[in-house]
Amino acid sequence: MSPPNLHLYVLAAPLLTAFAVNLLGRVSRAWIGPLALGALGFSTLGALLTLLRVLRDGGYRYTVGNWQPPFGIELVVDPLSALMLLLVSAVALLATFSALKSVVNELPGQEHLFFTLYLILIAGLLGLVLTGDAFNLYVLLEITSITTYGLIAMGKGRAALSSFNYIIMGSIGACFYLLGVGYLYILTGTLNMADIARILPGLAAPAAVATAFAFLMVGLWVKMAFFPLHGWLPNAYSHAPTGAGVMIAPLMTKVTIYLMIRVMFSIFSPDYTFFAHPGVQAGIVWAASLAILCSSALALAQRNLRRMLTYILLAEVGYMVGGVWLANGSGMTGAVLHIVNDALMTLCLFLAAAAIIYRTGSLDFDRLQGLYRRMPLTMAAFTVGAFSLIGVPPTCGFFSKWYLILGAVEAGHWEFVAALLASSLINAVLFFRIIETAYFNPAPDAADSVPLRSEEAPALLLNPLLVTAVALVAVGLGTGPLVENVIRLALPPGFAP
Amino acid sequence: MEQLLAEIVAKYNYWLYVVLMMIGFYAMIGKRNLVKKLLGMNIFQTAIILFYVSIGVKRGGGIPIVDKHAALTQGVDVAQVVNPLPHVLMLTAIVVSVSVTGVALAILVRLYRQYGTLEEDEILEKIGR
């Protein structure tokens with residue numbers, strides 16, 4: 001029998017280990033790996049048990065330190081947050097294997113500092129998923145952001161400048177969120193999400209509520225790099241150390257989208273969000289469609305694999321924002337399913353990129369020749385990830401895209417359908433270009449006399465990649481049960497398909 | 001016009017924070033010197049902190065320190081004390097703002113060592129070469 005505060009252990013494990021890593025990592029590098037992997041393994045197991053318990057007994061609320069809400073800070077464990085808890089800890093665990101290897105390579109002597117920030121970031125993400133308090137959410141948002149600034153600045157070359165620009169943009173986003181919370185506090189006198197949701201419908205101050213909603217949304221959009229507000233992301237994510245990018249890229253944007261869903265449905269109601277201001281809902285779906293098209297077009301212009309992936313990440317943000325704002329069951333199912341799938345797909349491709357850069361030292365397109373001969377397993381996993389992003393069945397990317405298109409058709413948003421299809425086509429062009437270079441063009445130095453040898457990445461980089469690639473297919477094949485048993489419960493009432 | 005003026009005078013604290021915020025926002029977006037951008041960010045955050053602090057103020061309200069015995073027996077007259085919660089929240093926000101500034105300054109030091117300047121245009125020029 002698991003203890004009632006199991007989810008707190010999930011949160012505490014990486015946080016406390018972060019300090020242990022800092023202290024013991026100074027003594028010996030050998031401590032870092034077991035500590036980080038142990039803490040995240042523990043978190044993943046705890047998150048799995050939490051999810052199983054929530055599915056069996058239903059969601060629950062937990063007050064930390066027995067300070068009763070609305071005064072105390074409340075943690076909310078419902079099917080959606082339990083699913084996100086498992087996703088964050090599992091993706092972080094897989095990414096850590098790869099980070100351990102590449103950090104030794106890229107930042108020798110700074111491993112303990114890197115992993116201190118890394119684990120605090122994961123703890124912050126897990127906290128964001130759990131919290132039921134609007135101001136606590138701001139604090140955790142800044143914890144994740146500050147650690148991310150630090151991690152990105154540890155990269156080489158332009159990393160410091162990219163990190164500084166991210167600080168400026170990230171602070172604008174966080175301040176907007178804080179302002180929105182301020183307006184809500186003036187209106188309701190409380191910071192507990194459930195309490196705000198209870199008081200808001202009875203208020204007769206539509207302009208102030210709309211202002212609060214707008215500030216919260218724009219703040220989160222800056223943080224998730226929703227298209228016109230995306231300027232900081234490509235630089236920051238492509239200059240970060242490889243080990244940091246592998247974990248930040250799949251998780252940060254996804255968790256922020258989860259936060260948007262929380263604000264839309266736990267603080268405000270679906271009725272308010274979608275129907276109080278006619279035109280807003282349709283406008284945002286249009287903006288998401290534009291975001292998808294523009295980001296995909298920009299991805300076409302890139303000459304570096306990791307940079308191209310960051311632009312694809314921007315397009316995926318458009319998928320999920322648009323999906324949620326379609327305001328129907330299929331669209332929202334697609335969006336939540338896509339959070340899971342996209343975290344795995346991005347993880348798969350960034351892990352593959354980490355493996356390639358470990359062996360070849362470069363991710364420029366003209367350096368990728370002959371990779372299928374040199375690193376067959378890595379490139380096989382890369383291909384699975386690429387197919388998933390394009391949306392080839394039976395990989396999971398196909399199913400979430402299917403739900404999204406279904407939702408868009410139901411809602412009559414044909415521009416979103418067109419954007420999704422166009423983005424799939426562009427993804428196909430992007431990845432087949434890479435696959436062609438890497439498969440058909442011989443490696444420059446191995447062209448004539450040198451026998452082709454396999455230079456597979458080391459096991460620490462390769463195995464998590466293969467696990468992720470298998471997970472992409474497994475989640476794809478298991479979409480039916482996943483939607484039926486978990487995601488259907490996670491949607492706001494009235495929107496479950 | 002008179003109505004607008006009356007509106008501004010009645011809520012001058014909020015107008016002040018809007019002006020401060022816009023100054024900070026302009027410095028963050030418009031200035032090309034990285035230190036000025038950082039200062040702009042600080043002004044922006046301070047404006048929000050002032051906004052929160054002014055939420056809690058009441059006309060004629062005293063500091064929210066009350067005698068425990070009196071509060072337990074007679075209760076607290078909420079009109080007599082200002083609301084302390086926004087102030088406490090802002091302690092946290094100040095901590096956040098200080099940490100962000102600290103990280104940003106550390107990064108600026110690194111940038112200066114790397115490029116010998118803190119003008120964004122000059123840095124970009126040096127990267128381009």
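I take a surface patch to be made of residues with over 30% relative accessible area and no salt bridge, with nonpolar side chains joined within 5 Å. The model I am reading is predicted.

**Entry: the patch on chain A**

With that rule I looked for nonpolar surface. I found a patch of about 500 Å². Its members are Leu45(A), Leu48(A), Leu49(A), Leu52(A), Leu55(A) and Leu489(A).

**Entry: the contact of chains A and B**

Next I turned to the interface. I noted 30 residues from chain A and 37 residues from chain B in the contact. The size of an interface is often given as the accessible area lost when the parts come together. Here I read a buried area of about 2,900 Å² between chain A and chain B. Carbon and sulfur atoms give 80% of that area. On the chain A side, I listed Leu161(A), Phe164(A) and Tyr185(A) as losing the most area to chain B. Together they make up 21% of what that side buries.

**Entry: polar links and elements**

How many salt bridges cross the interface of chain A and chain B? I found zero. I did find seven residue pairs in polar contact between the two chains. Then I looked up the elements on the chain A side. Helix H5 (134-153) and helix H6 (159-188) of chain A each give two or more residues. H6(A) gives the most, with 18 residues. By class, I recorded 22 nonpolar, six polar and two charged residues on the side of chain A that touches chain B.

Methods
Residues are numbered from 1 along each chain as its sequence is written. Chains are lettered from A and ligands numbered from 1 in the order in which they are written. This is a predicted model: local features need pLDDT of at least 70, side-chain atom pairs count only at pLDDT 80 or more; totals for chains, interfaces and linings use all residues. Side-chain values use heavy atoms; hydrogens and water are left out. Contact means heavy atoms within 4.5 Å. Buried area is the accessible area (1.4 Å probe) that two parts lose on being put together, summed over both. A salt bridge is a side-chain nitrogen of Lys or Arg within 4 Å of a carboxyl oxygen of Asp or Glu. A polar contact is a pair of N or O atoms within 3.5 Å; within protein, one must be able to donate a hydrogen and the other to accept it, and residues adjacent in sequence count only if both atoms are side-chain atoms. Helices (H or I, at least four residues) and strands (E, at least two) are DSSP runs, numbered from the N terminus. Ala, Val, Leu, Ile, Met, Phe, Trp, Tyr, Cys and Pro count as nonpolar, Asp, Glu, Lys and Arg as charged, and the others, Gly among them, as polar. Patches are made of residues with over 30% relative accessible area and no salt bridge: like charges are joined within 9 Å, nonpolar side chains (Val, Leu, Ile, Met, Phe, Trp, Tyr) within 5 Å. Accessible areas come from the Shrake-Rupley method with a 1.4 Å probe; for residues, only the protein chains shown count as cover.
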